[in-house]
Amino acid sequence: MSKRPLVPAFLKKWDDKLLRNKPGTWSSRTHLVLYFALVFALLLFAFCFFVFFDAKQYSHINSWNVFVCLIAFVGFVFWLIYLLRFNVFKRYGNWYAMDGLKDFILYFISIGAMVAVCFIPMAVETLRANQQFGNGEIVKDINELNVNACKLEYHLVPLNWKADTCRIVDNVNSSTVVESDEDVVVDSVVVETIQNAAPRFRIMDTAELHSKLITADSLLKINDSMYVFYECPDYRFVSSYHADEYSSEKLLSSADIYNRFLKIPQKPDRPALLKRMLELKTKYAVKSPYYEGEEYYDKIENASYDTKIKKKYDLYRISNGIDNVVQKKYAWKMAWPVYLRVFYYTALLLTMLVFIFRHSTVKTFFLSILTGILLTIISALMVVIFDGDEEIYILSFLILYYFVFAIMALSIFKTNIRKASQGIALNLFLYMTPFVPLIFTALNKAMQYRNTYAINDYGHTDPDTNDLYFLIAEMVGSVMLLVLIQPVFKRLYRKWYSSPEE
């Protein structure tokens, strides 16, 4: 029985059983990798759970990621050392059906476990932030901060809204301002805040009108070609992007704050409001690493009303803390597709490299890498020389290379000599296979864009549809690789490696 002091007895027995009965499976050491990855993951989780105790503090997750990735890389190197000590394929051992697919999946599981550990610090940081702050709680506190600041500084905040009179045209190349003799009728919502609308208007095209209709605080449609847009002063001294995206409670706009709390003057309970502002400051305020104390604010001369209010109630530091919390809380909700792809493609690329190395000679393996680098340089030079559409040219080159590699690799079945050129082609053929559907999808999209651009039609495919196409291409590529591993690639490697050298 193997002597490993950190491995439990049941796993040692399993290890010995695999060695005696399934040496190919045993050589992958997947069972040991999963065990050590799980132990390290639990220790790392516990350590991060206690370190990330204050979600409002600035994140140092990048440093944590680098540190954990280095440890995972060391583990990967140790795994390779043990993996390369025993190779059933290169020692011409017994070859069973589906061995190629089984080996590939075991390598992927082992490497995937090591890659997954690198995401633990980010996951724990998000977990701690969600434990300490609720979704609706942050939104309510932001609204309370803004409303309380307006109530306490009612004499300082501006109450007049700005008017923007626009004449709508089909297309315009410049925002030309022209004189107008038309009377401007003021919207009843802001009639008390606008003294006199300016008897001037600017030209606005229909595209800008569509955006303005969505974002305007208030508007008045005089006729089909004349609009007056009203802009409320900014009363949102504290805000955070995405803060209310996952909450039923929504952030109040400046217009909401004006209509509910400022339109009709109110006498505030100043002691109670000041006490509450101090509580929220204690809850969220955090020093920025870019400046300290009040030195930053003291340099501001002739400050605007919002700067004065932010300085008086320390809203800059409160905003810092709220931003930090929101960023940590929703990091996975906003970017989980990116994280998933980083995990998958990192594990996939490393798995293919290991699989190729296990089924190829050392010389051919490194010549394959060199060939890939040289082809990349040559392709880039050809794109520059011909001065064409870079994206289309590069994607076309990749498709051409893939078919050339496929033809050269498949020719191994008809030769009885191990040629280095065929081994290089086989390695690159395997490495490109899962990405071929993606390449075709990207090329099709690039061709469509070029054709629509050539006829001055700037409409594009719906982004959600494009994302779906690329997702399908990713899935098809992965299935292609798994389907071809055993009947094509494993047989090609067996035939090529067992043949006499040139």
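Is E137 buried, partly exposed or exposed? E137 counts as partly exposed because its relative accessibility is 30%. Here buried means under 20% relative accessible area, exposed means over 50%, and partly exposed lies in between, with a 1.4 Å probe and protein chains only.

Before we go on, a word about the model. This is a predicted model, in which local features need pLDDT of at least 70 and side-chain atom pairs count only at pLDDT 80 or more, while totals for chains, interfaces and linings use all residues. Residues are numbered from 1 along each chain as its sequence is written, and side-chain values use heavy atoms, with hydrogens and water left out.

Let us start with the whole chain. The protein chain has 19 helices and five strands; these are DSSP runs numbered from the N terminus, with helices (H or I) of at least four residues and strands (E) of at least two. Of its 502 residues, 41% are buried. The chain exposes about 28,300 Å², and carbon and sulfur atoms supply 63% of that area. Accessible areas come from the Shrake-Rupley method with a 1.4 Å probe, and for residues only the protein chains shown count as cover. Contacts, meaning heavy atoms within 4.5 Å, tell us about the fold too: among those between residues at least 6 apart in sequence, 81% join residues at least 24 apart.

Side chains of opposite charge can pair when their charged atoms come close. A salt bridge is counted when a side-chain nitrogen of Lys or Arg is within 4 Å of a carboxyl oxygen of Asp or Glu, and by this rule there are 12 salt bridges. In one of them, K283 pairs with E137, with the closest N and O atoms 2.5 Å apart. This pair links distant parts of the chain, since K283 sits in helix α10 (residues 270-284) and E137 in helix α7 (residues 135-152), 146 residues apart. K283 is partly exposed, because its relative accessible area is 28%.

Another salt bridge joins R341 and E474, with 2.9 Å between the closest N and O atoms. It also ties distant parts of the chain: R341 belongs to helix α14 (residues 331-358) and E474 to helix α19 (residues 463-498), 133 residues apart. R341 counts as partly exposed because its relative accessibility is 34%, whereas E474 is buried because its relative accessible area is 13%. Salt bridges with shared partners also join E137, D141, E144, R276, E279 and K283 into one network.

Next, look at N324 in helix α13 (residues 315-329). N324 counts as buried because its relative accessibility is 6%. Its side chain reaches the backbone oxygen of K56 at 2.8 Å. Leaving aside neighbours within four places in sequence, N324 is in contact with A55, K56, Q57, Y58 and V286.

A nonpolar patch of about 930 Å² is made by V362, F366, I369, L370, I373, L374, I377, I378, L381 and I385. Patches are made of residues with over 30% relative accessible area and no salt bridge, with like charges joined within 9 Å and nonpolar side chains (Val, Leu, Ile, Met, Phe, Trp, Tyr) within 5 Å.

Notes: Polar contact = N/O pair within 3.5 Å; in protein donor to acceptor, adjacent residues only side chain to side chain.
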